[in-house]
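Got a model open and wondering where the labels come from? Let's go through a few of them, setting each value against its cut-off.

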Amino acid sequence: MEGQDEQPLREASTEPIVTSGGSEVVPRVLPGEPQNLSDVDAFHLLLEMKLKRRQERPNLPCTVTELVAEDGSRVYVVGTAHFSDDSKKDVAKTIREVQPDVVVVELCQYRVSMLKMDERTLLREAKEISLEKLQQAVRQNGVMSGLMQMLLLKVSAHITEQLGMAPGGEFREAFKEASKVPFCKFHLGDRPIPVTFKRAIAALSFWQKIKLAWGLCFLSDPISKDDVERCKQKDLLEQMMAEMIGEFPDLHRTIVSERDIYLTYMLRQAARRLELPRASDAEPRKCVPSVVVGVVGMGHVPGIEKNWTTDLNIQEIMTVPPPSVCGRVSWLAAKAAFLGLLGYGLYWMGRRASSLVLSLPAAQYCLQRASEAWPHK
């Protein structure tokens, strides 16, 4: 009978379907199970097989942190380096070991496209920063936030070019492995990137923005794969974060600390007890603790651990503060200076081009013929 029980599981598919309402991907069971099984029986059969696969004491990588919710639900947070082959292996191993009910990744709806693009396309896209991308970023996030996003994309392109590896491989691995687990939902757990960029820009002074943009523009230090793998060590990351806090504390608060809170909130939302289906309304309700796998950058793991048992309010970190009067004046002054320099540059280039054209023999000949043909008074 054991071989017969495994047949419906092989025939059942959990191909993910992206839903538009809840930033999640819901597995779908395709036709193929025996026709004499009811939906409830089929569910219990697949659930039983899933629980048999789930390890009571999973052998997990050292990059995994286990958290327990108040209702007994368990969350396994995989800390990753975004350009790491080892992180992809850690994610795949964790999902196979614990057979989760929900997988939450550090992505938002604005970056979900990287889940379905192949590695070669992503590698090409990551290296190319075009005017079209700049215009799209400005339309989505505003001028300053859009320019800052493009500078950060330049940093990502620099790392991509150095390593020959597209970012987000661990998220694509999580998406692929989650599709193999029956009844596993896939949640997008990061704060929308326009909100993050707008709050980050609003938190910086005008001169801090200039200093940050200057540093990002001239980033050219070589990066090796060993450097990326060392990023999975918490002590190295904490040292890097400490350096960042010293120079741009407000930037660290908006880009790291606030997203720690948001990711923690989304992991908590995912870690809720699951209600099992009933054969009839007369049957009593039965709920079981859920198992969740979170896939986030290693730098977010300490913040998630810190916020796990605290009361969280994400409404405050979802609002975009209006620009200050000083910021608006500074931006208008910078814009006027830029337009003035652009206008002067065009004027100088026009004069230079005109003088070059007029110095050509053909142009002088045409001017001479025109002056001879023009009637003299």
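Q: How do helix α3 (residues 85-98) and helix α7 (residues 169-178) pack, and at what angle?
A: Bear in mind that this is a predicted model. The two helices pack at about 25 degrees, and their axes are 8 Å apart.

Q: What makes α3 and α7 roughly parallel?
A: The cut-off for that label is an angle under 35 degrees. Theirs is about 25 degrees, so α3 and α7 count as roughly parallel to each other. The crossing of α3 past α7 is right-handed.

Q: Which residues make the contact of α3 with α7?
A: On the α3 side you'll find S87, K88, V91, A92, I95 and R96, and on the α7 side G169, E170, E173, A174, E177 and A178. Sorted by class, that contact has five nonpolar, five charged and two polar residues.

Q: Why is α7 called largely enclosed?
A: Buried means under 20% relative accessible area. Nine of the 10 residues of α7 are buried, so the rest of the structure largely encloses this helix. The buried ones are G169, E170, F171, R172, E173, A174, F175, E177 and A178.

Q: How do you know that F175 is buried?
A: Its relative accessibility is 13%, and the cut-off is under 20%, so F175 counts as buried.

Q: What makes the pair of F175 and F186 edge-to-face?
A: A search of the whole structure turns up one aromatic pair. To pair, ring centres must lie within 6.5 Å, and planes over 60 degrees apart count as edge-to-face. The rings of F175 and F186 have centres 5.1 Å apart and planes at 90 degrees, so edge-to-face it is.

Q: What does the pair of F175 and F186 tie together?
A: F175 belongs to helix α7 and F186 to strand β6 (residues 185-188), so the pair links parts 11 residues apart in sequence. F186 has a relative accessible area of 2%, so it is buried.

Q: Why does E97 count as buried?
A: E97 sits in helix α3. Its relative accessibility is 18%, so with a cut-off of under 20% it counts as buried. Leaving out residues up to four places away in sequence, E97 touches R53, R54, Q55, P58, N59 and L60.

Q: What makes helix α8 (residues 193-203) largely enclosed?
A: Nine of its 11 residues are buried, so the rest of the structure largely encloses α8. Those buried residues are I193, P194, V195, T196, F197, R199, A200, I201 and A203.

Q: Why are α8 and α12 called roughly antiparallel?
A: α8 and helix α12 (residues 249-270) pack at about 150 degrees, with axes 8 Å apart. Angles over 145 degrees count as roughly antiparallel, so α8 and α12 get that label. α8 passes α12 in a right-handed crossing. T196, R199, A200 and A203 of α8 make the contact with D250, L251, R253, T254, I255, E258 and R259 of α12. By class, the residues of this contact are four nonpolar, two polar and five charged.

Q: How many helices and strands are there in the chain, and what share of its residues is buried?
A: The chain has 15 helices and nine strands, and 39% of its 377 residues are buried. Of the contacts with a separation of 6 or more, 79% come from residues 24 or more positions apart.

Notes
Residues numbered from 1 in each chain as written. Predicted model: local features only at pLDDT ≥ 70, side-chain atom pairs only at ≥ 80, totals over all residues. Heavy atoms only, no water. Buried < 20%, exposed > 50% of the residue type's maximum accessible area, 1.4 Å probe, protein only. Helix = DSSP H or I, 4+ residues; strand = E, 2+ residues; numbered from the N terminus. Axes fitted to C-alpha atoms, helices over the stretch in contact; angles between N-to-C directions. Parallel < 35°, antiparallel > 145°, perpendicular 65-115°, else oblique. Left-handed = near helix turned anticlockwise from the far one by under 90°. Contact = heavy atoms within 4.5 Å. Nonpolar A, V, L, I, M, F, W, Y, C, P; charged D, E, K, R; others polar. Phe/Tyr/Trp six-rings, centres within 6.5 Å; stacked < 30°, edge-to-face > 60°.
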